[in-house]
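Q: Please take a close look at one helix of this model and at what surrounds that helix. A plain account will do.

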Amino acid sequence: MGIFTRNRDDDVVTTDGRDDVLTRDRPVGSDRVVEDRRGDWGGPPLVRALFTLLGVAAAGLLVWLAHYFDLTSTTEFWYAMGLIAAAGLVLGLSQLFGGWTKWGIPVMSPGVFLFAFIPTLIVVGWVLLATQPDGGWQQNRFSGWSGDLGITGFVNDLGMFPAALALGLGVVFAFSFDTTGPRNRELVDRQRDVVPDEDVHDYSDDDGAVPTTTTPADERTIVRDRETA
């Protein structure tokens, strides 16, 4: 019966008198194995390309529909901006579902939503409300606030391209999502063969010290008898 020992430097567990080598599991992330998915669905590049094409086609359709609305009408102005914002959302989600962020189930990223999307929503909403057709909801109020803050020129300059602002808002909202990613099958298989901590013996810091062991007393007696023989 062999005694397990561990090398501190390379985390390799060996057995005394045996030829097999057992690898001790390291913390996840220090030696994570990346799963090769090149054979799935023709490979991630092809899947992402197809999803991107579909996203572009859907976004183009939404932009085309938006041109039917009269931008001089307050109500139709907001209908058009909503469609264009949806086009930006579709473009962003096409990358998400195309595997851009590790595949897996889409989930909301609170940090991106709070610190990226919310500020973008405030700025874009302010500009669109201040530069919408005259007589729109809260248009005079936001125009007055812009004048009080001395940013009327800046707001009017951005307001010349409302469609671009709406499209960008939709894209940033799509960035608020991420994916958890699939659990690595190779990593799971390897963890099944991990040597339990109670079966691994470690050397003490003193040179020449006997390695610690958790082998039962009756088995240690057998080992000593064999060594004596």
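A: **Helix α3**

The 22 residues of helix α3 (residues 110-131) should span 32 Å at 1.5 Å a residue, and the end C-alpha atoms are 30 Å apart, which agrees. The expected span is 1.5 Å times one less than the number of residues. Helices (H or I, at least four residues) and strands (E, at least two) are DSSP runs, numbered from the N terminus. This is a predicted model: local features need pLDDT of at least 70, side-chain atom pairs count only at pLDDT 80 or more, and totals for chains, interfaces and linings use all residues. Residues are numbered from 1 along each chain as its sequence is written, and side-chain values use heavy atoms, with hydrogens and water left out.

Helix α3 has a kink of about 30° at Phe-117, shortly before the proline Pro-119. The bend at a residue is the angle between axes fitted to the seven residues ending there and the seven starting there.

Phe-117 is also one of the buried residues of α3; the others are Val-124, Val-127, Leu-128, Leu-129 and Ala-130. Buried means under 20% relative accessible area, exposed over 50%, partly exposed in between (1.4 Å probe, protein chains only). These buried residues pack against α2 (74-97), α4 (139-149), α5 (152-158) and α6 (162-175), where contact means heavy atoms within 4.5 Å.

Ile-105 is exposed, with a relative accessible area of 62%. The C-alpha atoms of Ile-105 and Phe-177 are separated by 9.9 Å, although 72 residues apart along the chain.
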